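Biologist: Please walk me through a close look at one part of this model. Then set it against the packing elsewhere in the chain.

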Amino acid sequence: MNHHIDISKDIERLLSQRRVNDALDLIDNAAATLGASPELRSATSRLRESYRFMTHYALKGMPDPARPELYASILADIRTLADELHRRSRLEDAPTLYFNTLRYQRMRPDINIASLLDEYRRVNRRLQMAMLTEDVEKAGKEFAQRAEDLEKQIFNQIWTTYPLSVDDAAAIGALLTDISLPRHFKQLVVSSVMLGQMEYLDEKRLRLLMDAYGSDDSELSVRALCSLLIVMSMQRDRPFSPSLVRRFDSLREMPGWNKDVKMALLQFIRARDTERIGRKLTDEVIPEMMKLQPELEKLGSMPVDPESMEENPEWAELIDKSGVADKLKELQEIQEDGGDVMMVTFSKLKTFPFFNDIANWFLPFHTDHSLIAGSNDASVRMLADVMGGVPVFCNSDKYSVILSLSQVPEAQKQMMSAQLKANSAQMAAMSMGDLDQSLKGRERMAGKYVQDIYRFFRLFRRKGEFSDPFATTLNLVTVPLLADIFDDTDTLLLVGEFYFRHRHFADAFDVFLRLSEKVPPTAQLYQKMGYCMQMLGAVDKAIMYYEQSELLNSESRWTIRRLANCYRNVRDWKKAVEYYSRIAAAEPDDAGIAQNLALCHLEAGQISDAVNLLHKVEFLQGESDRTSRPLVRCALLEGDIEKGRRYSGHVLSRDPSATDFLNAGHLEILSGNLDEGVRRYAESIAADNFEVGNFVRTMREDMETYSGLKAIDPLTLGLIFDEAILRSASLGHKV
């Protein structure tokens, strides 16, 4: 078994310190450990020689305008050698799909990207001729299947080839501009270039993606854009060479570049929101709808038809009262905003063998595919024709629908066919309205491609072997080469609000912080920065920003509420009382505020103030555990045993907790009813799952808090402890 070598961090450390010779030594030593082929040593020798000559001429004081670019090129080559060393060290035994595929490819050394592309062109030409001159069905079965097999082979070859040779890059560049090749194939190749770049950085791949972005084919251009931005975000710490920076600068000069990058960022943010949308569906909407099903069916003799719900006012009223209507409305708004509400549904349809091939996750939907063109089922072909032009589903979801038809009974297929025939014109019209090449059309294309990418990284059977770009921050604002695009205040505000609305608080804060350095301070901006920090658990920083907001707008009740809540969280009771008092003065009839203020008074030791406020809450809302529990504590602190027993009785009559039994025990002990107190203590232990340690610890804390308990002599107290523990054992068994 090979020793896996990963020296990239050490290489970066040495290069950052400009210790090029040491970096080359490290590569040579690691290569010797691996027993690597002489070509690696030859490569380091060439780099040493180039570096030595460059140093020699520099120390002689000889001017050389190309020196910075040569130096950067040497550093880039050193990084590539470190990556190649890591790759070779894993080649023999790494069990991942990448290395399994690579080992298989290396069993056929005569095959490379160019040779596979040549064969694909030949097969594609024969397929086109066969469709004109021979039996169409025969052509579909023979040449189409061979073409699809080659597409997957080429995808895998491009994915696993590293580094791309000059010939490899030229062959890929030529296919991306070849008008004779199918559009879906060129779009598929872009994804393989991206996946290979995610494994090991290769500037030739970045150039290919940059070139593809300039394509006249909008779908190809958008795919290349999204792929390029994803890998730039994931590899943001790896610098571009000067020549690649110049190539990248040419993108900036393209008229639509800035708008496209901003548009793509919004798609990434929406994709990161998919998990939250899925939870809302599975945890809230679907369970509530299932609960309503029996009630809805009682209102009519026939089973519920979702499409006719709106026609029955009783159904609408029932859904309204249940709260489901609000959740459905929210989901509709999310979908209208571009949110992915289909993930939950289609995640169940990604187990077909079709999705075992990595290439099929990125394959554009096209009706020439053998799943469709080769099907003997007319309903499959008709459905595919309609779905091809419908913008609602991403590509992999469309394939899921086609594959799932094989499991649908014939009667249902016929019903679906009839419905599709009736609705196909409407669906086609819906899609035609969005087929323009404007930013809106490109936004739709980007959104669907990002959904395909998201599904692969979240649903592929071997997803754990890949670095998921959506598991880390895809915040393009913080990518150095893209930062200038988001440098104006309007863009920063738009992106910051988008992150904030989608609850990506860390990214929102980064954007708001940049914005705060460019615009005069506002109370609202500091409010949002404070809220981001509070949601991230950095309460001290939240307080700092909330206080800055308060300086600019001291009348904002929202800010005052947040400050009160934060000070309560950090247990600064004096400050919490101050801010809750300000809110209470403005909203004297708000029982919730009075309750919170009472609890802060209680923690601050201001018992009489707490009692008065708790009685006020009782007056406003009636007696409940929310007031009775703290009033029991107040009574214990004040020594008012009878009052405490009265409120304790209210709590014990409902759903008492371990603390309620404990406080009841305190009251009995302080009343002199030791045996009854022991009984309550035993119930407290049982209610806390018989965790005796918790009981002993809490008792000791309460003895410091309630002065009456301190008067009990240690011997009696010890007997009470022991007897309570003994009796608790008879109340049940530990769960």
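Modeller: A helix here is a DSSP run of H or I, at least four residues long, and helices are numbered from the N terminus. The model is predicted. Ala711 sits in the loop between helix H36 (707–710) and helix H37 (714–728). Ala711 is exposed, because its relative accessible area is 70% and exposed means over 50%. Leu670 is 41 residues away from Ala711 in sequence, yet their C-alpha atoms are 9.4 Å apart.

Now a helix pair. Helix H28 (residues 573–586) and helix H29 (residues 591–603) have axes that come within 9 Å and cross at roughly 155°. Angles over 145 degrees count as roughly antiparallel, so H28 is roughly antiparallel to H29. The crossing of H28 past H29 is left-handed. On the H28 side, the contact uses Trp573, Ala576, Val577, Tyr580, Ser581, Ile583 and Ala584. H29 supplies Ile593, Asn596, Leu597, Cys600, His601 and Glu603. By class, the contact has nine nonpolar, three polar and one charged residues.

Next, the cores. In soluble globular proteins, nonpolar side chains tend to be buried together. The largest nonpolar core here has 172 residues. Ile172, Leu195, Trp257, Phe362, Leu482 and Phe486 have the most contacts inside it. Helix H11 (residues 218–234) gives the most to this core, with ten residues. Take Ile172 up close. Leaving out residues up to four places away in sequence, Ile172 touches Ile113, Leu117, Ile158, Leu164, Val189, Val193 and Leu208. A second, separate core has 24 residues, among them Val20, Ala23, Ile74 and Ile78.

Notes: Residues are numbered from 1 along each chain as its sequence is written. This is a predicted model: local features need pLDDT of at least 70, side-chain atom pairs count only at pLDDT 80 or more; totals for chains, interfaces and linings use all residues. Side-chain values use heavy atoms; hydrogens and water are left out. Axes are lines fitted to C-alpha atoms, for helices over the stretch in contact, and angles run from 0 to 180 degrees between N-to-C directions. Helices (H or I, at least four residues) and strands (E, at least two) are DSSP runs, numbered from the N terminus. Angles under 35 degrees count as roughly parallel, over 145 as roughly antiparallel, 65 to 115 as roughly perpendicular and the rest as oblique. A crossing is left-handed if the near helix is turned anticlockwise from the far one by less than a right angle, and right-handed if clockwise. Contact means heavy atoms within 4.5 Å. Ala, Val, Leu, Ile, Met, Phe, Trp, Tyr, Cys and Pro count as nonpolar, Asp, Glu, Lys and Arg as charged, and the others, Gly among them, as polar. A nonpolar core is a set of buried Ala, Val, Leu, Ile, Met, Phe, Trp, Tyr and Cys residues joined through side-chain atoms within 4.5 Å. Buried means under 20% relative accessible area, exposed over 50%, partly exposed in between (1.4 Å probe, protein chains only).
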